[in-house]
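Please keep the sequence and the model in view while reading.

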Amino acid sequence: MSAAPTAETVRVRGLRFGVLRWGPADAAGPPVVILHGWLDQALAWDTVARAVAATGRRVLSWDHRGHGASDHGHPSTGYHFPEYVADVDGLFDALSLDGAVLVGHSMGGTIAGLFAGLRPGRVSSLVLVDGLGPPAVSDDDAVDQLVAFLDAQQRPPVHRGLADLDAATTRIQRVNPAVSAPRARALAARATRRDGHGGLRWSWDPRHRSRAAVAYDEDRHLRVLARIQAPVHLVFGAAGWYPGIEGIDARIAAIPQVVGRHDLPCGHSVHVDEPERLAELVARACAAAGPAA
């Protein structure tokens, strides 16, 4: 197993992003880039990343804007998929990541698929983990979502305080029981900040709990998926909610080159419940993309 990651801060698009690196910095093969899901963070992928790095790969992950150790987006900008994709575009430039094997989970998978379709020359292989877009939204629901967005601008959500790091650790384990106490504590330490009153608050932006202004557009997403040139490995948590969402077959069919589908016996948090098997699948994608050092 590879060593613990090194951490750095990289400024892109006016924001500071918390970046983690695993494995040899001088690895010859394409780097592996992991995009985490909604309200998750880069460190949650530590077990997967260490296993992949142990094969001689350079692995990187960062906290999306408004998550983990990264800055919040400016109040006048929202947390919309185009913003996340533009962040990826900028971080690929800043970190010299062209040709990367791109891995994305849930929201991060949607971002990865969009990026691979809009910037097809920058990705050599793609692994989407429960990551083919959120459930479709009807026109009526899209209008209601826009109303909810406007309401949230007038009354922005705020975090409730946490008593201490133990309370944050307990909260993480309640959501993901498979996470060990030491790992949950490390995640909690990275995802909380002092609130100035002797307690803690989550570091992720509470605006993530409000609705985005622009609803998910499935037809447009299908057009972007059709532009992907890289081979795509699909991974699903077979016991979770995601594989059953309406329209998933059409999204899969839109991708030009699906080279494998893997249904793992777990729920949506595949990287937590099946990290070893997921790392093996990422290693397969790496092998097809080019040799390691």
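Arg 209 is placed in the loop between strand 8 (200-202) and helix 7 (218-225); helices (H or I, at least four residues) and strands (E, at least two) are DSSP runs, numbered from the N terminus. The model is predicted, so that local features need pLDDT of at least 70 and side-chain atom pairs count only at pLDDT 80 or more, while totals for chains, interfaces and linings use all residues. Residues are numbered from 1 along each chain as its sequence is written, and side-chain values use heavy atoms, with hydrogens and water left out.

With a relative accessibility of 46%, Arg 209 counts as partly exposed, a class that lies between buried (under 20% relative accessible area) and exposed (over 50%), with a 1.4 Å probe and protein chains only. Accessible areas come from the Shrake-Rupley method with a 1.4 Å probe, and for residues only the protein chains shown count as cover. Together with Arg 160, Arg 171 and Arg 174, Arg 209 forms a patch of positive charge on the surface. Such patches are made of residues with over 30% relative accessible area and no salt bridge, like charges being joined within 9 Å and nonpolar side chains (Val, Leu, Ile, Met, Phe, Trp, Tyr) within 5 Å. Lys and Arg count as positive and Asp and Glu as negative, whereas His and the chain ends are not counted; the place of a charge is taken as NZ of Lys, CZ of Arg, CG of Asp or CD of Glu.

A patch of negative charge on the surface is made up of Asp 139, Asp 140, Asp 141 and Asp 144. Of these residues, Asp 139 belongs to helix 4 (residues 139-154) and counts as exposed because its relative accessibility is 66%.

Strand 3 (residues 32-35) is covered on both faces: Val 32 and Ile 34 are buried on one side, Val 33 and Leu 35 on the other. Strand 3 pairs with strand 4 (residues 59-62) in the parallel sense over four bridges, where pairing requires that DSSP finds at least two bridges between two strands. Within this pairing, Ile 34 has Ser 61 of strand 4 as its bridge partner.

Leu 39, in the loop between strand 3 and helix 1 (46-53), has a positive phi of about 60° although it is not a glycine. Ser 96, in the loop between helix 2 (81-95) and strand 5 (100-105), is likewise not a glycine and has a positive phi of about 55°. Leu 39 is partly exposed at 27% relative accessible area, and Ser 96 is exposed at 57%.

How many salt bridges are there? The count comes to 18, where a salt bridge is a side-chain nitrogen of Lys or Arg within 4 Å of a carboxyl oxygen of Asp or Glu. One of them joins Arg 21 to Glu 8, with the closest N and O atoms 2.3 Å apart. This pair links distant parts of the chain, with Arg 21 in strand 2 (residues 15-22) and Glu 8 in strand 1 (residues 6-12), 13 residues apart.

Arg 13 and Asp 87 also meet in a salt bridge, at 2.8 Å from N to O. That pair links distant parts of the chain, 74 residues apart: Arg 13 lies in the loop between strand 1 and strand 2, and Asp 87 in helix 2. Arg 13 is partly exposed at 42%, whereas Asp 87 is buried at 3%.
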